[in-house]
Amino acid sequence: MSSIILNTLRRQCVSQFRTRLLQQSFLATTSRGFHIAPIDCAPKPHQKDEFSHLEAAHSPDQFGTLSPQVEEPETPDEGDLKEEDFLQNIPAPGQKLSVRQYADLIKDHLKNNRIREALDVVEVRMKQDRVKPVNYHFNLLIGGCARVGYSKKAFQLYNKMKQHDLKVTGGTYTSLFNACAVSPFLGDGLKRANQLREIMLEKGYEPNESNYNAMIKAYGRCGELKTAFQLVDEMVARRLSIGTDTFNFLLQACISEREYGFRHALLVWHRMHRLRISPDRYSFNLLLRCVRDCQLGDLETTQQVIEQILAESIGGNAGKQVPAIEEPSVEAIERSEEDNAEQQQTLATIVTNRELTERLNHEGVPDLLSPQPHLGSLVRLGEVRKPEDRLLLLGGSSNVFAEMRRCGAEPDIRTITELLDVIPSTYAAEKQLLGTIKQLKLRCDIDFFNILIKKRSMRFDYEGAKDVLYMIEAANLEPDIVTYGVLALGCQTQEEARSLLKMMHEADVRMNIQILGAMLRQGCAKQNFRYVTEILQIVKRERLKPNEPFLRHLEEFGRVCEKRDREYDAKPRKRGRDEFKQEYNRYRMQLDAWREHMGLQGLALDQALGIVREHPWEQFKEPQAEGYEAVKNPKLRHKRKKQHSIRRVDVEAIEDDDDRGQGKEHDQTKEVKLAH
């Protein structure tokens, strides 16, 4: 203990002695102008000398000041790293491309639907190459985003153009309005379209014909039918040419109005006739889409619209077809011009009323499609409820083809497919349409046969739907994923579902949630618990993500089963109670296990839909999956869907509904034969 105390006292004495020497040295330096440092007190090289730092900081012989040493941070600042990388990694001259080469890269990515890669050309590649993009690059990207409905990114690129002080052209506005039209969010698209239109007005920009067509398309698809028609009036006021494209966009606007779009389509169609604008093939296809999707609306208003169409068609022809009456008397020759005008107007009114009465009382099929429309023997509009009834107002499919020939528009397979959706759901009508295809020598694609399978499945003719497979084989086509999806609508039992899945496996087609959802719909409709459970197990095994219709089918099936379970509890002696209870309890246990595996246990339907619902723009935020090989041959990039003629399909072999109803044996191998 004594040695420890002695050592401590010795250290304190040495420390005090050194402090006194330092103070004496400092005082000597300040008073005499020179400094004598004791040799014993010189600091060692590895120790910090705070006194020397202080002396240098106040010395006039030293340049600048010295601060105490600061340790370097362990994690460097990101901004410093970027700045250092920008200063040191200067791109080589050969690394930079020309404006055209960067544009070609963007075009190549857009043609192959690689939106993320196309955006990276400007946002990553050109930034690394230290090349400033021009408005041509931005216009390409805005147009590519607009075609896929990525409206948010299109407007972000538009704002970047303004930040770079680049010129905004008319094509930029056209692409932006097109992005609003194709946007999956109609409210957001309408809001952006209104803002963009205000910007154009503030800048004093006068839209051209392409801009007006794009605006009509945007407002029409977003549900602003009134604004779309007002834009056409602006085009007339500014004396811009109105062509077939403008009326086609108006027909698209009519399609968006499901309640009364059909009568607006009739008004647009006959306005084309009055302006002597000939409709093209696309116009007829859009009109048929209106027939399929749109209703007549208020019957009284629709009746007034039809009478207006008939009166305008007669009034437009009255002045051309009714000549002036020549009277041989002298008094008639000496009449004034006012009397002649009044007489002609009175005569035209009489002729118009007479022709209107004749057309309203016309016998036969109605025809509201031609320039001289009539209602035929139509009794009342209240009977027009289905798409085939609205097609009958246009004169039927035969009148549609006749009007297309008169206008010089040749039908294509898209026209036939649209007609297939609106003709009566009978074998006779389908047989007639197939005969028309052979007569017109049109080439069919797989989409036509997919719609035919769906049409037969929706009327519960599952055997007839399977027969279409022989038509596909006869037409030298191959089924696609949609074909198997519509065939799944007819899988009423587990065995049929397993057979279809086996067929898909042999064709090397991977199942998806849409096909399994169609099977689930049939299982729920048949209240087959084992069928539904097997579909759930397949979804779990294949690691598929359920979509919104899939969960809605399960929710509706659960409500039906609960209602049936309460009925059995109220009537314990009802037949089939024990069997239902056993199957239902087993199904609920397996459904709970499936929900827990999917992370949906204990969630309401709205909460579950919020989890499984995918944002439509998420696909554009990630690069394309690996393994994609770009098409090397430029001609193959624009390859159309494979089409073949159905001349080998024996249309006469297709039985009518009457033949099927007589109890004839149904042989699949004889239903559709190959014509030799």
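Hi everyone. A quick definition to start: a helix here is a DSSP run of at least four residues, numbered from the N terminus. With that in hand, please keep in mind that this is a predicted model.

Let's begin with R552. Its place is in helix α28, which covers residues 548–570. Leaving aside residues up to four places away in sequence, R552 touches L605 and L609.

Now over to E430, in helix α21, residues 427–440. This glutamate has a relative accessibility of 3%, and the cut-off for buried is under 20%, so E430 counts as buried. What does E430 touch? Not counting residues up to four places away in sequence, the list is L420, I423, L452, K455, R456 and R459.

Last, a helix pair. Helix α4, residues 99–111, packs with helix α5, residues 115–128, at an angle of about 155 degrees, and their axes are 7 Å apart. Angles over 145 degrees count as roughly antiparallel, so that is how α4 and α5 run relative to each other. The crossing of α4 past α5 is right-handed. On the α4 side, the contact is made by Y102, L105, I106, H109 and L110. From α5 come I115, E117, A118, V121, V122, R125 and M126. Sorted by class, that contact has nine nonpolar residues, one polar and two charged.

Definitions and conventions. Residues are numbered from 1 along each chain as its sequence is written. This is a predicted model: local features need pLDDT of at least 70, side-chain atom pairs count only at pLDDT 80 or more; totals for chains, interfaces and linings use all residues. Side-chain values use heavy atoms; hydrogens and water are left out. Axes are lines fitted to C-alpha atoms, for helices over the stretch in contact, and angles run from 0 to 180 degrees between N-to-C directions. Helices (H or I, at least four residues) and strands (E, at least two) are DSSP runs, numbered from the N terminus. Angles under 35 degrees count as roughly parallel, over 145 as roughly antiparallel, 65 to 115 as roughly perpendicular and the rest as oblique. A crossing is left-handed if the near helix is turned anticlockwise from the far one by less than a right angle, and right-handed if clockwise. Contact means heavy atoms within 4.5 Å. Ala, Val, Leu, Ile, Met, Phe, Trp, Tyr, Cys and Pro count as nonpolar, Asp, Glu, Lys and Arg as charged, and the others, Gly among them, as polar. Buried means under 20% relative accessible area, exposed over 50%, partly exposed in between (1.4 Å probe, protein chains only).
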